[in-house]
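Please look over the sequence and the structure before reading on.

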Amino acid sequence: MEWLNLIGIVIVIVGFARKWNSILVILLAAGATGLVSGISPVALLETIGTTFVANRNMAIFILVMLVTGTLERNGLREAAAGVIGKFKGATSGMVIGIYGVMRAIFAAFNVGFGGVAGFVRPVIMPMAEGAITSKGHKPHEEHMEELKGMASGMENITWFFGQVLFVGGSGALLVQGTLQGLGIHVELIDLALVEIPVCVIATALAIVYYYFKDRRMLKKYYKDELGEEGLQ
């Protein structure tokens, strides 16, 4: 009978394999597991409710996605593209570079924008596309795919190195705790000061790399449209 308690895992595997509704599959798995384990329906609901409240911060991404979807429906992408379109000299690489600087600064204060799904996709990518269309080019599909990777990479790099600058962040606490276990006492502010040049160098290298990569792609995908003057 102890093996029967694992029926929830079977339901999840079968449900996901057959592409059933994810929430429905999880609820069925939880209900079946509670039933075979002898947990009453009331106790099961109390457990689910208590667990949800205790980990409610994990569900913040749901609100971010809902807000982002609502804003997109009301013209967020068009507004972002329109803003960057006013700057004739802007390129997609410049847009991603400026975002990298801004992202690193806010990461140092542990301020999140919603990540790739919540900010890069609905805001940065339309601005990068707007930088292309503002010059009279039709965005090339392969170029846009490359820009998606570049923007996501900038998000990951700046967040990874920037969040450690926040003295109350989990990364800094992990390093401090590890060193403490080795008999080395360090203050969180000292760890942040050591990390500052690392974050600056990583962000700067990413900006330079993505800028020149975008320049190469402009010459590759819009060579006929740029002309000799634009290629120089």
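Does T203 count as buried or exposed?

## The setting of T203

The model is predicted. In it, T203 has a relative accessibility of 7%. The cut-off for a buried residue is under 20%, so T203 counts as buried. T203 belongs to helix 10, which covers residues 188-221. Beyond its neighbours within four places in sequence, T203 makes contact with G100, V101, A104 and T158.

## A nonpolar surface patch

V101, one of the contacts of T203, is also part of a nonpolar patch on the surface. I105 counts as partly exposed because its relative accessibility is 49%.

## Helix 7

Helix 7 comprises 19 residues, 115-133. At 1.5 Å a residue it should span 27 Å, and the 25 Å between its end C-alpha atoms agrees with this. A kink of about 45 degrees occurs at R121, shortly before the proline P122.

## The protein as a whole

The protein contains eleven helices and zero strands. Of its 232 residues, 31% count as buried. Among contacts between residues at least 6 apart in sequence, 70% join residues at least 24 apart.

The protein exposes about 14,900 Å², and carbon and sulfur atoms supply 69% of that area.

Definitions and conventions: Residues are numbered from 1 along each chain as its sequence is written. This is a predicted model: local features need pLDDT of at least 70, side-chain atom pairs count only at pLDDT 80 or more; totals for chains, interfaces and linings use all residues. Side-chain values use heavy atoms; hydrogens and water are left out. Helices (H or I, at least four residues) and strands (E, at least two) are DSSP runs, numbered from the N terminus. Buried means under 20% relative accessible area, exposed over 50%, partly exposed in between (1.4 Å probe, protein chains only). Contact means heavy atoms within 4.5 Å. Patches are made of residues with over 30% relative accessible area and no salt bridge: like charges are joined within 9 Å, nonpolar side chains (Val, Leu, Ile, Met, Phe, Trp, Tyr) within 5 Å. Accessible areas come from the Shrake-Rupley method with a 1.4 Å probe; for residues, only the protein chains shown count as cover. A salt bridge is a side-chain nitrogen of Lys or Arg within 4 Å of a carboxyl oxygen of Asp or Glu. The expected span of a helix is 1.5 Å times one less than its number of residues. The bend at a residue is the angle between axes fitted to the seven residues ending there and the seven starting there.
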